Each structure stands twice: as structure tokens, then as C-alpha cells.
Amino acid sequence: MDARSTLRAAGSSLAALVLALAATFTFTPVTITPFSSASAQEAGRPAAPHPGGVRARPGRAPSRAPAAAAQPKPLPERTPFTMDDDAVAAIPSMPDARFWADSTTDFAKALPTQPGPWLALSSGGEDGAFGAGLLAGLGAAGKRPEFSVVTGVSTGALLAPFAFLGSRYDEAMRDAYTRITSADIFEVGATPESFVNTWPLKELIAKEFTPAMLADIAAEYAKGRRLFIVTTDLDAGRSVVWNMGAIAAHGGDQALNLFRTVLLASTSIPGAFPPVLIEVEANGKKFAEMHVDGGVGGQFFVAPIALTAATSDFKLPATELYVMVNTGLQPDFETVKRNTASILTQSVGMAVKIDTRLMLDRAYLLAKRSGIPFNVASIPPDFSAPSRGAFDPDYMRALFQAGVDQGKSATPFASAPPPYPAAPAQSSQHTEKTGANR
């Protein structure tokens, strides 16, 4: 099994990229520079990006770092800080930019001023094409609500600003999820902190999320709507919710760079992609926190975990709850090869699906307790388009269209979590996997 077929076998999670690449490639270290005003890492972008800038030609594979490339300088030592420092740390001049995802008090303070429908967008890597298509289909059918709260995790973080701003951004959303390849996301070649380099993803984010988009998000925030993105503070072992509308409302380069940095962090699969260092201050000192993929703390976000517990009496201040799951939820049969990468990738894929189902159960019970409708959509079990590897544009276009068709259908959402299957579906015996249940 090669790296890309191993990746496809990982279910909905790209976390297994770490394992696939580690087992397959020999790397020459390079480094990456996140957005300048929100990072403590040194410069190190490869001198020669792939031809054509951010957009790669369809089918173009990421280039491999030359074996003779110069070794990078060691990364600087991090500024020491304590758990107490991190607990009260804030973004300089932006005290309202974020809150801990487990803080019920701060969550309540950040909520919208008026109730309305809420949307939670899940992790899922390239399978975010499904959620993008579903939103486009709902808009085309005139059934897309204006959500008062939109939350995003991992690929859901990249999708969330488009969902928040509505149909006027559908064309840009379609391009973002149907015209990219793996070369737009990563370059094969390790950094001191990861197996691949995500400078292409950084540039893609800078291209897609513009000052004009930031201004539009700020305007919606002023109306009382909320856009929340989740990252994981690896130092604290806690999830962080970023109030992206509040960030946008500050305006200027600092806000734009922080906005883009948060999106990069929420999609930074630990070990596979470089972590993102975000500069904060507390107790009279400045230091940088290490942030990684928001999916580490949960596949989507609705409310602090204490409020979604079965023992809680919390009621969600929403009129409806929508959850878009950017993955298939069926078990995937695979005769696992006797090697570390195959064993761990199958295990990671299984764990992500189980975690997603458990979170859906909690969200469903919260909606019922709150007396509001529950709406969930996930990649249909019969979706079977083949994929040639990570971020295959043909696969993503097919998945986007499947989402469009579902969005236009009479029943784009189910009113309860998908039933647990009686038995797993057997996949193809070939290394090329098909469908959403990879």
C-alpha cells in the first residue's frame, strides 16, 4: 500500500497522513513560516514553489524536496510560560478574540444577541467538498437558512466563512473545494515539526480569505451573528474557540493575519502538518502558544462539553440545530496489512467515525432537551466515486455534486443521527478505494 492509498484507507481523518508518509518517504527537512504577525517561527519557505503559484494544475502531484537541499537552522527555543500564564493569555489588543471551549461563562458571553438557526461543520479533509456542495444545493433550492451561529473545525473551519456569508460566496466556495489538488495543500518534505510542509495551504488561505471577506464578516458580526472556529492549544491540552467576527471587526493587517492564522491552525494535523505558533500575552510577558487541528478536541463544536452532557439541563439558545458531517459514517472493511502504517491508519479512521457518532448523539440530545429541531447530513453510504489519492479534484468534484444533489432534494437533512449499521460494507480489494468510507 503506497502513501496515497494508505491515506484513503484512513476513513474521514487526514491524521493518518502522518503514518502513511512516515512509512513511505524519506524526507529532507525544511521549515515553514506561518502568517507573520501571529507566529514565532522563523522564515523557511522553500525558495522555488511549484509552477503556477497557489493553484496547481489538476493531477499535479506535490513535489519532493531535493535530497541535496540545505539543512534548516534549528528552530529557536520557545519562551517559557506556565499553565497559569496560558490560562489567562490573550491576543495583544484583541481581548475578545477567543475563549476556552470548555468555559461555559465565556461561551455565554460570546453568544449572538438574537436566537436563530445554528450550523456546526465537522472535520473531514477533502471530504469538506460534501458540505460545500450541500450548502450550494440548499442555496440553489431556496432552502438555505441565514445561520445566527456557524462553527467550524478543521476542514469545517475553511468552509465556515463561506457558510456564514451566504450564497454570494458560493462561486468562491465551489472553486475552493473542486479546483485544488494535493499540491495546493502540502509539499512532500519534512519540517522539524512535521512530515510535510504546508506553505501551499498558507498561500491558498491568503488567496481565498481576503480583506473584503473580512469586512463582510465584520458587518455580519455587527448585526449580532457569530462565526466560531476551533483550534487545539497543544500546550494546555484544551480546545480554543476563536470569535472570528470579533477579530474581523478590529480590522487592519493584525486582524487579517490572525484570521488567516487561526484557519491554518485549525487544519494543522499534528505530526503531519506543522503546528502554528500564536503570539499571546499574560502576566506581563509575551509568549507563543502551539496550536494544531481543532479536530483533536472533537470533530465538530456546538457548545462546551459540560453543557452537552446528558446530566446537564442547559438549553441551546437556537431555533434549530444543523450539523453537516463531512465524512461517511459506515464502518469500512479492509484486510489490514501487517505493517505499522496500515494498522494505525485503519485504527484512526475507526476512532474518528466512533467519535463523530458519539458527538452526534450528544448534539441530538441537546436539541431535544432544548425543544428545537435537529438536522444532520452526512455523506450518503452509496456514494462510490473513486479517488486516486489525497485531494483528487475529480473525486472532490463528484462529492461536491453529491452534496448539491442532496441539498436540492426533498429531504437534505435527517431529523436524527444515522442509524448504526448492522454490518460493515466490504470495500474493493484494490488499493484504489471508493466512496466516502475509505
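The following dialogue goes through several features of a predicted model, one at a time.

Biologist: How do I read burial, and what share of the 438 residues is buried?

Modeller: A residue is buried under 20% relative accessible area, exposed over 50%, and partly exposed in between, with a 1.4 Å probe and protein chains only. Buried residues make up 58% of the 438 residues here. Helix 6 (residues 155–165) is a clear case, since 11 of its 11 residues are buried, so this helix is largely enclosed by the rest of the structure; among them are L158, L159, F162 and F164.

Biologist: What happens to the backbone at the two ends of helix 6?

Modeller: Just after helix 6, G166 takes a positive phi of about 90°. At 9% relative accessibility, S154 counts as buried. F391, in the loop between strand 12 and helix 14 (393–408), also is not a glycine and has a positive phi of about 55°; at 8% relative accessibility, F391 counts as buried.

Biologist: Which strands pair with strand 10, and is strand 10 buried or exposed?

Modeller: Two strands pair if DSSP finds at least two bridges between them. Strand 2 (residues 117–121) pairs with strand 10 in the parallel sense over five bridges, and L121 has M324 of strand 10 as its bridge partner. Strand 12 (residues 374–378) likewise pairs with strand 10 in the parallel sense, over five bridges, with V325 standing opposite S378. Five of the six residues of strand 10 (residues 320–325) are buried, so this strand is largely enclosed by the rest of the structure.

Biologist: At what angle do helix 9 and helix 11 pack, and which residues make the contact?

Modeller: Axes are lines fitted to C-alpha atoms, for helices over the stretch in contact, and angles run from 0 to 180 degrees between N-to-C directions. Helix 9 (residues 211–222) and helix 11 (residues 252–266) pack at an angle of about 90°, with their axes 11 Å apart. The two helices are therefore roughly perpendicular to each other, a description that covers 65 to 115 degrees. With contact meaning heavy atoms within 4.5 Å, the residues involved are P211, L214 and I217 of helix 9, and A255, L256, F259 and R260 of helix 11. By class, this contact has six nonpolar, no polar and one charged residues.

Biologist: How is a pair of aromatic rings described, and how many aromatic pairs are counted?

Modeller: One gives the distance of the centres and the angle of the planes. Rings of Phe, Tyr and Trp (its six-membered ring) pair if their centres lie within 6.5 Å; planes under 30 degrees apart count as stacked, over 60 as edge-to-face and the rest as tilted. By this rule the count comes to 11 aromatic pairs. The rings of F99 and F228 have centres 5.7 Å apart and planes at 90°, so the pair is edge-to-face. This pair links distant parts of the chain, with F99 in strand 1 (residues 98–100) and F228 in strand 6 (residues 226–233), 129 residues apart. Both F99 and F228 are buried.

Biologist: Which residues form one aromatic cluster with F107?

Modeller: The cluster is formed by F107, W118, F301 and F314. Within the edge-to-face pair of F107 and W118, the distance is 6.3 Å centre to centre, with 70° between the planes. F107 belongs to helix 4 (residues 104–110) and W118 to strand 2, 11 residues apart, and both F107 and W118 are buried.

Notes: Residues numbered from 1 in each chain as written. Predicted model: local features only at pLDDT ≥ 70, side-chain atom pairs only at ≥ 80, totals over all residues. Heavy atoms only, no water. Helix = DSSP H or I, 4+ residues; strand = E, 2+ residues; numbered from the N terminus. Parallel < 35°, antiparallel > 145°, perpendicular 65-115°, else oblique. Nonpolar A, V, L, I, M, F, W, Y, C, P; charged D, E, K, R; others polar.
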